[in-house]
Every structure is written in structure tokens, then in C-alpha cells.
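Visitor: I have a structure open and some questions about it. Can we go through it piece by piece?
Guide: Go ahead.

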Amino acid sequence: MGDTDRARWDAAYAERSVASTPALPAVFVGYEDLFPRRGTALEIACGAGAAAVWLAQRGLDVHAVDVSQIAIGQARVLAEQYGVTARFDTVDLDGGLPPGDPADLVLCHKFREPGRYADLSARLRPGGLLAICVLSEVGADPGRFRAVAGELRAAFAGLDEIAAGEGDGQAWLLARRR
């Protein structure tokens, strides 16, 4: 992402208050039972940590990353407020995913980098769940940060799809590794 993107995201998070409640991203509400209660989770672009803390409350060993040092600081505060342990690191994903073992869950919400799609799949353990949501051109204007119609299904065709949707400017997918 580079220093320009990092500075932009740091500025954006500096203007926000710390998330007050751990929560699964709204797009995945209704699918909570699919999310594991034990094992490991990797969250990409975790922001202020609401989902990472929710996952840690469920019993997962969570490693969450974001390009913004401000967001990571907010995530650590939230985890402390809720008495859970999670690992939060500042990572520039231009260099790839952070090193680590395969995970039972990979969560990526509102971060789109098609060059990392294969890495996300590869990071899953057999039977592991991918939960991804990106901005989409479906129901919105095209743009460089928006997925084209069918992008997630095509990119993750090697996984077993559980549920997916596109519309209102977002695309999402829940899928398991075989």
C-alpha cells in the first residue's frame, strides 16, 4: 500500500472513535454458526478490531493485521476493554500476507487486492472457512477499488462455496477449503 495509503488510513482512523462493541461484519450476520469457535483466525484489514475481538470472544486464536498503526492501536484497546487476547500487527499487504501457519478462518472485510486472492485460499487449512467481502461495481459505479461482477466466485472457484451475494456496491463470499 505504501506510505501514502498508510498515512491516509491513519488519518481516517484518527478521526474515528474506538469501536465500542465487538461484532461480526454485518454482511455475515445470519451466518455466525459457520464461524469456528476454536482454532486459528487470520483477519486481513482488521481496522479498529471489532471483528477480531468478536472472534477472540468465540474462542479463536486471532492474528489481525491492518496497514494503519492508528487502527491497530484502537484494536488493541478494544481487546483490552473486553478482556480478550489477540495479536494485532501493522502490515503492508503489498508484500504479501504475514507469515504464519494455515488458519481455520480467514476473514477479509472491505479490502480488495486480487493479487492476494490466491494467498487467502492458500492460508486456509483443509475445511477452513474463507469469509470475504469487497466493494463491487454491482449496484454501484465502477472504480479501481471495486470488484467486477462475478470476481469473487471466479477467484475462489477452487473452494466449496457456502453462500455468496452481490449488490448494493458490495460482493461477498463464504467458502470452505476442500
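Visitor: What volume does the largest pocket have?
Guide: About 820 Å³. Keep in mind that this is a predicted model.

Visitor: Which residues are closest to the centre of that largest pocket?
Guide: W9, A45, H109, K110 and F111. The lining of the largest pocket comes to 34 residues.

Visitor: Which element gives the most to the lining of the largest pocket?
Guide: Helix 1, with four residues. Helix 1 (2–14), helix 2 (50–58) and strand 5 each supply at least two residues.

Visitor: And by class, what does the lining of the largest pocket have?
Guide: There are 19 nonpolar, five polar and 10 charged residues.

Visitor: How much space lies in the second largest pocket?
Guide: About 200 Å³. This second largest pocket is lined by 14 residues, and the closest to its centre are T40, A41, H63, G100 and D101. Strand 1 (40–44) and strand 2 (61–66) are the elements that give two or more residues to that lining.

Visitor: How do the residues lining the second largest pocket divide?
Guide: Into six nonpolar, three polar and five charged.

Visitor: Is C108 buried or exposed?
Guide: C108 is buried, at a relative accessible area of 1%. C133 is buried too, with 0% relative accessibility.

Visitor: On to charges. How many salt bridges does the count come to?
Guide: Six. One of them joins the side chains of R125 and D104, at 2.9 Å from N to O. R125 sits in strand 5 (residues 124–135) and D104 in strand 4 (residues 103–109), so the pair links distant parts of the chain, 21 residues apart.

Visitor: Is R125 buried, partly exposed or exposed?
Guide: R125 is partly exposed, with 31% relative accessibility.

Visitor: What does the side chain of E151 meet in a salt bridge?
Guide: The side chain of R112, at 2.8 Å from N to O. E151 belongs to helix 5 (residues 151–155), while R112 is in the loop between strand 4 and helix 4 (117–122), so the bridge ties together parts 39 residues apart in sequence. E151 counts as buried, at 12% relative accessibility.

Visitor: And which residue does R178 meet in a salt bridge?
Guide: D160, again by side chains, with 2.8 Å from N to O. R178 lies in the segment after strand 7 and D160 in strand 6 (residues 160–167), so this pair ties together parts that are 18 residues apart in sequence.

Visitor: Last one. Where is L174?
Guide: L174 is in strand 7 (residues 170–176). L174 is buried, with a relative accessible area of 0%.

Visitor: What does L174 touch, leaving out residues up to four places away in sequence?
Guide: Its contacts include F28, Y31, L34, F35, L129, L130 and A131. D160 is also among them, as are E161, I162 and A163. L174 and F35 are 139 residues apart in sequence, but 9.9 Å apart in space, C-alpha to C-alpha.

Notes
Residues numbered from 1 in each chain as written. Predicted model: local features only at pLDDT ≥ 70, side-chain atom pairs only at ≥ 80, totals over all residues. Heavy atoms only, no water. Buried < 20%, exposed > 50% of the residue type's maximum accessible area, 1.4 Å probe, protein only. Contact = heavy atoms within 4.5 Å. Salt bridge = Lys/Arg side-chain N within 4 Å of Asp/Glu carboxyl O. 1 Å grid on protein atoms, 1.4 Å probe; cavity = no way out; pocket = protein on both sides within 12 Å on 5 of 7 lines; lining within 4 Å. Points joined across faces, edges and corners; volume = space filled by probe spheres on them. Nonpolar A, V, L, I, M, F, W, Y, C, P; charged D, E, K, R; others polar.
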